[in-house]
Amino acid sequence: MDEIMTGAEMVVQALKDQGVEVVFGYPGGAVLPIYDEIFKQNAIRHILVRHEQGAVHAAEGYARSTGKPGVVLVTSGPGATNAVTGITDALMDSIPLVVLTGQVPTFMIGNDAFQEADTVGITRPCTKHNWLVKDTDRVAETIHEAFHVATTGRPGPVVVDLPKDVQFASGSYVPPSRARTGHYAPRVKGDPEAIARLAEMMETAERPILYTGGGVINSGPEATRLLRELAAATGFPVTSTLMGLGAYPASGDSWLGMLGMHGTYEANLAMHGCDLMINIGARFDDRITGRIADFSPHSQKAHIDIDPSSINKSIRVDVPIVGDVANVLGDLLRVWKERGGRVNHEALTRWWAQIAAWKAVDCLAYRQSERTIKPQYALQRLEALTRGHDRYVCTEVGQHQMWAAQFMGFEEPNRWMTSGGLGTMGYGLPASIGVQIAHPDALVINVAGEASWLMNMQEMGTAVQFRAPVKQFILNNERLGMVRQWQELLHGERYSHSWSEALPDFVKLAEAFGCKGILCSDPADLDDAIAEMLAYDGPVVFDCVVEKHENCFPMIPSGEPHNKMLLGDDKTRDAIQKGGAVLV
Amino acid sequence: MSSLQIKKGASRHSAYDLRDPNAQPVERHTLAVIVDNEAGVLARVIGLFSGRGYNIDSLTVAEVDHAGHRSRITIVTTGTPAVIDQIHAQLERMVPVYAVHDLTAEGPAVERELALFKVGGQGEKRVEALRLADIFRANVVDSTLDSFVFEITGTAQKVDAFADLMRPLGLIEMARTGVAALARGAA
């Protein structure tokens with residue numbers, strides 16, 4: 001027999017039945033019945049954020065660091081519209097989220113009621129799917145379906161819009177075991193013929209490369225294990241997108257570093273010069289490909305992706321394989337081993353010698369300073385002093401994000417949370433709180449720029465209230481660094497609105513929130529200051545005052561191919577000493 | 001010319017490559033999309049087209065399986081082969097979509113459209129309109145002393161041709177249903 005309960009009770013029961021432990025949210029008029037039910041129980045922990053965007057990013061951090069879906073609860077109207085940026089961010093980066101929004105009562109929908117917004121209309125293009133539930137009997141089933149859709153296939157955010165009268169009314173609860181989850185069932189098993197063809201190509205490839213992405217991490221631990229096995233068994237070099245960092249360990253023998261606009265010289269030239277590119281769970285994003293017409297012109301390309309619309313979207317591939325990464329890699333390894341597990345050793349040796357020559361360029365070199373802290377140096381020290389810790393790293397968006405990707409090494413998946421596709425400034429601080437809530441004893445660092453950080457700094461209140469000892473490591477150059485860099489390089493050094501003349505005193509700001517502030521501006525003090533941050537048992541805002549005009553290199557200017565990388569500007573040319581500023 | 005004076009293909013002023021990678025010949029395709037007949041499903045499908053910059057030449061939608069709660073959306077679109085493939089894949093991955101059939105690519109198909117034409121006039125023109133309607137096998141569904149409403153069924157081209165003939169004879173307005181299409185044969 002179905003249990004009779006109110007819609008609000010069903011919401012909480014459905015979340016419990018889905019194994020939800022944490023909800024990030026903010027109450028308001030249209031979700032009061034659900035908050036009333038949350039008040040009456042202890043199984044689900046509610047984290048009160050300071051702004052709905054923060055709730056969504058926190059849920060993203062939670063989801064990314066655990067592999068479980070993140071859950072958000074916000075009210076109607078502005079609650080829902082404030083969540084839109086986070087929802088879009090999750091869609092672009094394939095993060096599973098279930099966002100529950102309150103709605104005005106069904107009989108008032110369309111009347112421009114107080115705090116009414118067309119939530120399903122607004123979120124239709126930025127969700128994987130969404131539902132407006134007009135009938136209490138459908139509440140539980142819809143929430144179960146929402147979890148199914150968010151976590152199946154290519155993960156993504158979903159929205160369930162719940163009018164207030166539906167929350168108050170009674171209906172029968174449907175448990176997950178009996179819920180219809182619709183017909184949504186994306187294919188996970190790859191085409192055997194295509195897999196056999198790829199195995200055959202792997203045997204003869206002279207200059208192969210594994211180009212991995214966030215799909216490996218989304219596929220789960222088995223995909224990571226199989227990727228490592230594949231790389232070890234074949235000796236093929238591995239590079240990764242921003243989203244895929246950690247799937248293959250940064251200390252691994254086959255690691256070339258990140259590729260793309262600010263990727264390493266060796267990774268990008270290997271992509272340009274390869275003869276077999278195996279794309280595993282990446283999507284040929286424009287930050288990766290540069291100019292399409294000149295992208296890796298001499299290679300045969302294979303593409304493993306669970307989303308058929310990612311295949312042939314921007315780059316035509318020779319061997320498309322629609323399926324789940326773990327499933328396909330398992331089949332690929334088995335088929336390749338059955339065929340003898342051969343690779344072209346002689347050619348691979350030559351390929352690695354070529355890669356070694358590119359590596360010798362030392363593309364991440366920068367000119368050290370004894371007077372100011374170079375941002376790269378700050379991150380090298382942060383990396384060195386935190387390497388042994390159980391560590392999670394989040395970032396905001398901009399130069400510091402790229403430097404963090406370049407200078408911090410990731411050995412395991414789900415340890416790196418960054419806004420890749422949407423590039424959302426203000427992502428990192430709330431995301432770090434979500435990560436810390438999921439991993440209370442871990443070291444969670446948000447590498448930030450001061451401009452990004454200010455966009456959601458209100459969430460320090462959340463960190464303090466819920467005792468999340470997140471470390472906010474702000475590389476403060478008093479500039480919108482990446483904007484400034486583009487203006488310098490591409491817009492005639494006209495620095496239009498790319499600096500702030502009224503930054504807060506971050507130490508006082510930290511203290512105002514009730515946490516610890518640390519200021520460091522001298523490279524000689526940096527190690528001690530980082531040690532002080534790590535030793536403090538609570539949230540810290542670390543104001544690391546860095547060189548104001550440092551540019552992030554290497555860089556592929558937009559619309560250029562991989563072999564047209566900029567290695568450094570005039571100031572760094574001497575430090576690089578390897579063929580000048582522009583290598584072709 | 002754009003007031004920004006960005007040279008076509010210039011990349012140095014943009015965060016993106018401004019050249020159009022889809023500069024290939026465009027094709028016309030008829031797609032049949034079988035969907036759950038749920039609230040917002042049509043908005044979802046056409047939102048995909050507007051959001052991603054695809055064309056809709058014609059759109060027809062109605063429930064076709066009441067018990068199964070399914071609707072059939074017939075869309076006539078134009079695009080390069082790569083864009084048509086993308087549209088197909090983008091539609092197919094939508095949660096309420098059961099199946100997508102590219103009727104143009106999958107083999108022979110029949111396409112029909114229904115249209116109503118209101119033609120006004122007297123004397124010679126009125127007689128001529130009636131004569132042409134007969135040739136086109138159009139039915140008269142309403143008649144006054146100085147107007148007819150014709151109902152015509154056929155391919156979009158036939159409807160276009162009939163419209164071209166009616167225009168000089170006093171065409172007042174017309175209503176078209178958009179294309180309905182089915183693959184030929186039993187499969």
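**Chain B, overall**

I counted the secondary structure of chain B and got five helices and eight strands. The model is a predicted one, and I keep that in mind throughout. Reading from the N terminus, I noted the order of elements in chain B as β-α-β-β-α-β-α-β-α-β-β-α-β. I then looked up burial: of the 187 residues in chain B, 24% count as buried. Next came contact range. Taking the contacts in chain B with a separation of 6 or more, I found that 71% join residues 24 or more positions apart.

**Chain B, two domains**

I checked the domain assignment for chain B. It lists domain 1 (27-106) and domain 2 (110-183). Their C-alpha centres are 28 Å apart. I listed who takes part in the contact: 10 residues from domain 1 of chain B and seven residues from domain 2 of chain B. On the domain 1 side, I found four elements of chain B that each give at least two residues: strand 1 (27-36), strand 2 (58-65), strand 3 (70-79) and helix 3 (103-106). Strand 2 of chain B has the largest share of that side, with three residues. I sorted the domain 1 side by residue class and got four nonpolar, five polar and one charged.

**Chain A, strand 20**

I moved to strand 20 of chain A, residues 540-545. Is it mostly covered or mostly open? It is mostly covered, as five of its six residues are buried. I looked for its partners. Strand 18 (residues 471-476) of chain A runs parallel to strand 20 of chain A, and six bridges join them. Here I noted I474(A) opposite D543(A). Strand 19 (residues 516-520) of chain A is also parallel to strand 20 of chain A, with five bridges. One pair I wrote down is G517(A) with V541(A).

**Chain A, Q53**

Last, I picked one residue. Q53(A) sits in helix 3 (residues 52-66) of chain A. Why does Q53(A) count as buried? Q53(A) is buried because 27 other C-beta atoms lie within 10 Å, and the cut-off is 20 or more. I listed its contacts beyond four places in sequence: N82(A), A83(A), T85(A), G86(A), G426(A) and N456(A). I looked again at N456(A). It is 403 residues from Q53(A) along the chain, yet the two C-alpha atoms are separated by 8.3 Å.

Note on methods. Residues numbered from 1 in each chain as written. Chains lettered and ligands numbered in written order. Predicted model: local features only at pLDDT ≥ 70, side-chain atom pairs only at ≥ 80, totals over all residues. Buried ≥ 20, exposed ≤ 12 C-beta atoms within 10 Å, placed from the backbone. Contact = placed C-beta atoms within 7 Å. Domains from an automatic or database assignment. Nonpolar A, V, L, I, M, F, W, Y, C, P; charged D, E, K, R; others polar. Pairing = 2+ DSSP bridges.
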